[in-house]
Amino acid sequence: MTQPFQLAACAEMLFRELPVAERVAHLIERGFLVEIWDWRKHDIKALAASGARFSSMTGYVSGTLADDAGADELLRTARQSIPVAKEIGCPRLNLHGTGLDDKGLPVVASSGATPAMWLKAVDTLRRIADLGEEQGVTFVLENLNEAVDHPGVPFARAADTIALVEAVNRPSLRLNLDLYHAQIGEGHLVELCGRALPLIGEIQVADVPGRHEPGTGEIHYPAIARALHAMGYRGVVGLEAWPESDSELALRRFRDAFTLSH
């Protein structure tokens with residue numbers, strides 16, 4: 001049995017009956033990297049002192065990609081997020097097509113991106129890449145799904161995020177390829193992983209339907225793991241899922257799905 005990937009887990013979604021510090025401690029004890037979302041909701045000094053290795057965190061507070069005021073706000077709050085990432089040693093700062101509210105809905109909804117929006121989004125992401133280079137951090141752009149969780153988010157599909165990251169073509173901007181969202185939006189996950197491989201900064205997973213851990217739905221994650229290994233991927237795979245029953249079982253199922261047998 002081999003474990004070729006770096007496994008991470010989201011402290012926002014697991015062990016939710018516990019304070020965040022205890023959730024993080026549980027993940028450390030079990031050998032997982034840790035993901036967090038909105039850094040404003042956490043005791044950053046405590047996280048920095050926890051001994052955790054962080055995989056990613058939300059890299060902005062507010063803003064959007066495709067309008068002037070929103071782009072300026074995105075850059076402003078991304079700049080605020082960088083010292084936090086450095087304090088906790090988090091290498092990747094996550095972005096979306098637009099800011100999301102506390103229900104995951106877009107602060108600026110869209111029925112589709114116009115050509116002008118695409119051009120503005122590329123310009124905004126070039127500015128983000130400049131900031132990442134200047135500060136020595138990597139921003140990652142996450143695909144989302146519109147059908148279930150995030151209706152009205154522009155640039156939601158993996159095809160969209162791939163196109164934007166390719167257009168910018170800078171090492172300081174990569175993909176956060178979320179396979180849960182991609183299964184709902186597009187499917188063909190193995191092919192999608194191969195297409196996105198040169199651009200991937202991190203992969204996130206959950207099963208469909210329900211957004212629970214691997215093994216609870218329709219995605220055969222052991223096959224995905226074998227395909228990623230065959231492609232040469234050795235990076236982070238993060239569990240961003242609500243446990244179907246309990247967090248310990250969710251982590252076991254996740255680890256089993258991404259452990260390869262010879």
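Strands S3 and S4 run parallel and are joined by 3 bridges, where strands are DSSP runs of E with at least two residues and helices are runs of H or I with at least four, numbered from the N terminus, and where two strands pair if DSSP finds at least two bridges between them. In this pairing Ser 56 stands opposite Arg 92 in S4. This is a predicted model, in which local features need pLDDT of at least 70, side-chain atom pairs count only at pLDDT 80 or more, and totals for chains, interfaces and linings use all residues. Residues are numbered from 1 along each chain as its sequence is written, and side-chain values use heavy atoms, with hydrogens and water left out.

S3 is also joined by 2 bridges to strand S2 (residues 33–35), again in parallel, and there Val 34 stands opposite Phe 54 in S3. Because 5 of the 5 residues of S3 (residues 54–58) are buried, the strand is largely enclosed by the rest of the structure; buried means under 20% relative accessible area, exposed over 50%, and partly exposed in between, with a 1.4 Å probe and protein chains only.

Helix H4 (residues 115–135) has buried residues that include Lys 120, Val 122 and Leu 125, and its buried residues pack against elements among which are helix H3 (68–88) and strand S4 (92–95), contact meaning heavy atoms within 4.5 Å. Just after H4, Gly 136 takes a positive phi of about 75°.

Leu 260 lies in the segment after helix H9 (247–257) and, at 8% relative accessibility, counts as buried. Leaving aside neighbours within four places in sequence, its contacts include Met 1, Pro 4 and His 229.
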